[in-house]
Amino acid sequence: MASAHDGATAPTGPLDSDSSVPEPENASVLIVNDSGEYLLHLRDQVPGIWEPGAWSLLGGGREPGDRSLEETARRELWEEAGLVLPVLEPFRTEYAVGLDGATVPIQVFAARWNGDPEALHLTEGIMLRWFAPQIMSRLRMSPSTLDLVRAHAVGRPTGPRSAVPDPAALPRVRRPVPNTDRGTVPNVVGVHLYLENARGDLLLGLRHPDCAYAGETWHFLAGHCEQESAVACLVREAYEEAGLLIHPEDAELVHTVHLCDVPGTQPRLQLVFRVRRWEGQPVIREPDKCLAWRWWSPSALPEPIVAYTRTAVERLREGHRYTEMGWE
């Protein structure tokens, strides 16, 4: 789990196209939030590593099991900080000079994230912090890393972006939605993880009794979409709630429930995604929301269980992909 720059001197930046250099075997990630701040990693003050005590990007070297440099980047983000980012976009290739004088190419990816670095589980380095590009010249960091951030910042769209809602500030009750002349009513989008183990048992969670919805009831691992795609929400919730690492390309939409619990309340579109490959074992990461994770036979589901969870499982096993519930 080495950093992308371990054993290298300061990166030299892009090289001429006709330079003879090896293919990249290292990956780093530029992570930016909607305020235009970049996530930097303060490295350990330890002799023998590249730029000890400096601010740098998260990343590391390719390992034999990595199928691509994107997979290298994702693995390093997970191993160093427990961070799962649904979308990584190639930005450009940077070059460093190793301690032996050899040129070391580094594939740089760009990603967007709006989380709290303090909530991450950091396994390497001292800390993670958000910094605006205009103050980075006051930090101890490689000049080429600063140039890289500035180059990316110049290419970002300008103008304000809508802020990501704070889940703690959202209403915890389901309020009636007034009728309008046009009849247009927003629908809440929920995502649900349909995960079966090798025996075919289904993962369900027992919700905390203080939950605003379905306390002391078994339910899918689930969450509401914030300012993100449904699959991005699924990836985020799987890690936040149970410590499971899943990749977006492994998520398959297998059932949809269009639900209205009580006439006049806000409708909800519940998306159920099956994931056949994942990393990790389910653990309780949000004890204020979930008391236990258990594997259950789909033919012998526990009680009490959320009504639409049972219906979705039964309908899916019958081969149906869509269900409506609660509509008059």
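What is the volume of the second largest pocket? About 220 Å³. A pocket here is an open set of points on a 1 Å grid over the protein atoms alone, where a 1.4 Å probe fits, with protein on both sides within 12 Å along at least five of seven lines. A volume is the space filled by probe spheres set on the points, which are joined across faces, edges and corners.

Before going on, this is a predicted model, where local features need pLDDT of at least 70 and side-chain atom pairs count only at pLDDT 80 or more, while totals for chains, interfaces and linings use all residues. Residues are numbered from 1 along each chain as its sequence is written, and side-chain values use heavy atoms, leaving out hydrogens and water.

Back to the pocket. Its lining has 13 residues, those with an atom within 4 Å of a point. R67, E71, L245, H247 and E279 lie nearest the centre.

Next, strand β14, residues 268-275. Strands are DSSP runs of E, at least two residues, numbered from the N terminus. Seven of the eight residues in β14 are buried, meaning under 20% relative accessible area with a 1.4 Å probe, protein chains only. β14 pairs with β9 in the parallel sense over seven bridges, and with β13 in the antiparallel sense over eight bridges. Pairing requires at least two DSSP bridges between the strands. L271 is the bridge partner of V191, and F273 that of L253.

Last, the cysteines. A disulfide is a pair of cysteine sulfur atoms within 2.5 Å, and the count is zero. The sulfur of C225 is 4.2 Å from its closest cysteine sulfur, in C233, which is too far for a bond.

Methods. Buried < 20%, exposed > 50% of the residue type's maximum accessible area, 1.4 Å probe, protein only. Helix = DSSP H or I, 4+ residues; strand = E, 2+ residues; numbered from the N terminus.
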